[in-house]
Amino acid sequence: VGRSVAFYQDALGIPLLFAQDVIHGWRTVFPVPLAEAASFNPAAVEGAARIAAVEASGYGIHWTFAPMVDVARDPRWGRVVEGAGEDPHLGSVMAAARVRGFQGTDLSAANTLLATPKHFAAYGAAEGGRDYNTADVSERTLWEVYLPPFEAAVAAGAGSIMAGFNDIGGTPAHGSRWLLTDVLRGRWGFKGLVVSDWTGVEELLRHGIAATREEAAVRALEAGVDIEMSSDLYRTDLPAAVRAGRVTSALIDSAVLRVLRAKQALGLFEDPYRYSDTTRERRVTLTPEHRAAARALAREAIVLLKNQTRPSGAPTLPLPKNLGSIAVIGTLAVDSASALGSWSGAGRSEDVITLLEGVRRAAGARTRVLHTRGAPVDTIDARGFADAERLARTADAVVLVLGERADMSAEAASRASLELPGAQLALAQRVVRAARAVNPDKPIVALLMNGRPLALQWLADSVPAVLETWFLGVEHGNAAADVLFGDYSPSGRLPVTFPRVTGQVPIHYGHRPTGRPPAENEHYTSKYIDVSWTPLWPFGYGLSYTSFAYVNLQLSADSARAADSIVVAVEVTNTGPRQGDEVVQLYIHDDAASVARPVRALKGFRRITLRAGERQKVEFTLRADDLALYDRTMRKVVEPGTFTVFVGGSSEGGLEGQFRVSGDTLVVAAAPPRLQ
């Protein structure tokens with residue numbers, strides 16, 4: 001089964017357990033998880049995981065090593081593509097949605113997968129954005145940023161957890177009893193099994209916290225790792241440790257019992273072959289309904305980053321369908337393997353609708369869609385520039401497809417530079433110059449395919465329209481064409497901040513204010529002397545083919561006790577010419593607290609559909625847990641004082657309101673076990 005594990009004891013009749021990385025689809029490949037998060041649509045994301053479980057279980061898979069719920073604030077880290085981005089609230093919502101989708105409402109049904117949130121914990125904080133690197137985070141940051149999505153996944157019923165490769169404060173996750181037992185099982189009451197990552201137990205030797213294979217195995221088992229993946233220390237070295245009394249039989253029994261309970265929960269003791277159904281496999285694989293769901297979610301994941309009005313007064317996008325010719329320029333436009341993204345399950349390139357194919361299907365019957373590769377993705381080969389310039393001059397519109405191959409953002413695919421790789425920037429500059437020399441009013445679109453935020457300052461300054469499409473799976477081309485030609489108004493929002501240059505990272509919206517917040521006209525403040533401190537495009541940002549106005553922000557009370565709820569209401573109107581979706585976002589700031597708080601923190605979002613001219617009232621409820629912080633003793637508390645509320649279409653701007661929490665400090669939860 002590829003990257004799979006199986007555990008059995010023939011003599012006892014214990015059934016096999018087959019596992020695989022089912023990350024964002026099986027044969028029907030959905031958008032990569034970062035793109036799914038851009039939809040801000042947890043119901044659709046849950047539906048995608050449900051379809052993945054239905055298909056993969058038909059092939060005999062019982063257990064998936066997903067979802068990845070690591071918060072990632074340094075996009076140099078290649079695995080940012082596998083998660084929900086930079087925000088712990090969005091990450092928590094998406095983590096719970098994916099767990100529910102994989103496991104369904106009844107885990108014993110034959111179309112479910114045991115979910116495995118990973119990588120526990122703080123793997124996304126890898127120093128320098130280098131995969132497998134150490135994660136040097138404070139205890140506060142761990143609890144406020146990196147642990148909430150895991151806690152949400154556990155609360156959603158996740159049946160297993162995978163330990164991370166990284167260490168925290170010098171203790172590797174695979175050897176951390178504090179993390180895997182005190183926090184996971186003690187604090188959160190997790191009852192499922194813990195699996196190592198690939199060779200994670202053996203790597204305790206290289207971390208330097210074990211001198212022998214036996215010591216590494218004992219350390220991992222005592223920490224709480226029930227199953228060792230890939231390396232073989234448990235089988236070869238634990239028996240001697242048990243015989244010598246260095247490991248108790250009770251400890252072995254507890255780990256074995258958790259594995260047996262998982263198999264029992266999946267119904268495998270009743271029928272070990274219940275997932276092995278070739279008839280169901282054929283019936284549920286890549287169905288028209290599944291492809292339709294993949295296309296719908298892919299459309300919602302696309303983010304319109306720029307849409308400049310042309311000299312003629314018309315917006316650059318959407319493109320008219322009656323153009324005489326369209327030049328599609330770029331290698332990625334025909335790269336079906338990259339459209340699938342990384343960890344694409346059983347996806348096949350031949351199932352993919354490429355960008356070029358999607359444009360040709362959607363364009364008018366009389367429109368000629370021309371293509372040239374222009375330049376390779378990752379080399380400085382410029383031999384295709386001349387042909388690209390020729391098409392840019394002669395075509396009536398230009399779609400310039402830029403970005404990364406799928407294997408350039410994934411596991412072991414960290415990048416030191418976030419700029420466009422290879423000669424793509426030079427290609428874009430030449431193409432734009434050639435097109436404008438013939439017709440300054442010609443529509444020019446930069447369409448991005450990538451698995452991480454890129455530094456795109458020149459594109460933002462010089463190209464009239466920019467579309468972020470990520471890697472959208474089997475329906476990539478159809479979904480992108482739906483947006484290009486206006487059959488669907490873009491509604492995706494950025495789940496992660498886009499920097500202007502690589503040197504700004506790590507960059508994220510939820511930073512603390514510092515004692516000297518950046519100010520344009522004050523020299524001794526927190527900023528750069530060679531580039532703005534602001535992002536190119538902020539978290540939560542995204543444009544539409546229509547427009548939305550926010551008015552009448554109301555709070556249910558100006559003052560409340562810490563245990564009370566505050567209802568935040570706002571009216572949103574579609575002020576543009578067509579129907580569209582808006583993602584209404586609620587942020588808060590604790591104005592004065594015992595510890596420094598982020599300038600903003602996302603606490604709610606709502607995706608709504610409005611017809612042209614339609615107005616809708618949107619309400620959010622803020623409860624004690626939304627207002628709580630970890631105080632100086634690490635108790636989770638709500639402190640008295642004022643809170644500012646921001647409601648709008650991104651993490652910047654929006655309407656503002658304020659309320660006061662009165663009375664005494666409310667203790668929401670006692671202090672967790674201290675980091676060891």
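Q: What makes two strands a pair in this predicted model?
A: Two strands pair if DSSP finds at least two bridges between them; strands (E, at least two residues) and helices (H or I, at least four) are DSSP runs, numbered from the N terminus. The model is predicted, so local features need pLDDT of at least 70 and side-chain atom pairs pLDDT 80 or more, while totals for chains, interfaces and linings use all residues. Residues are numbered from 1 along each chain as its sequence is written, and side-chain values use heavy atoms, without hydrogens and water.

Q: Which strands make up the open sheet, and in what order?
A: The order of the 5 strands is E14-E22-E21-E16-E17, with mixed pairing.

Q: Why do E14 and E17 stand at the edges?
A: Strand E14 (559-561) and strand E17 (601-610) each have a single partner strand, so one side of each lacks a neighbour in the sheet.

Q: How do you know that E21 and E22 pair?
A: Strands E21 (residues 641-648) and E22 (residues 655-662) share 7 bridges in the antiparallel sense, and at least two are required, so they count as paired. Among the bridge partners are Thr644 and, in E22, Gln658.

Q: Why is the aromatic pair of Tyr509 and Tyr587 called edge-to-face?
A: Ring centres must lie within 6.5 Å, and planes under 30 degrees apart count as stacked, over 60 as edge-to-face, the rest as tilted. Here the values are 5.5 Å and 80°, so the pair is edge-to-face.

Q: What makes Arg600 a charge over the ring of Phe646?
A: CZ of Arg (NZ for Lys) must be within 6 Å of the ring centre and within 35 degrees of the ring normal. The charged end of Arg600 sits over the ring, 3.8 Å from its centre.

Definitions and conventions
Rings of Phe, Tyr and Trp (its six-membered ring) pair if their centres lie within 6.5 Å; planes under 30 degrees apart count as stacked, over 60 as edge-to-face and the rest as tilted.
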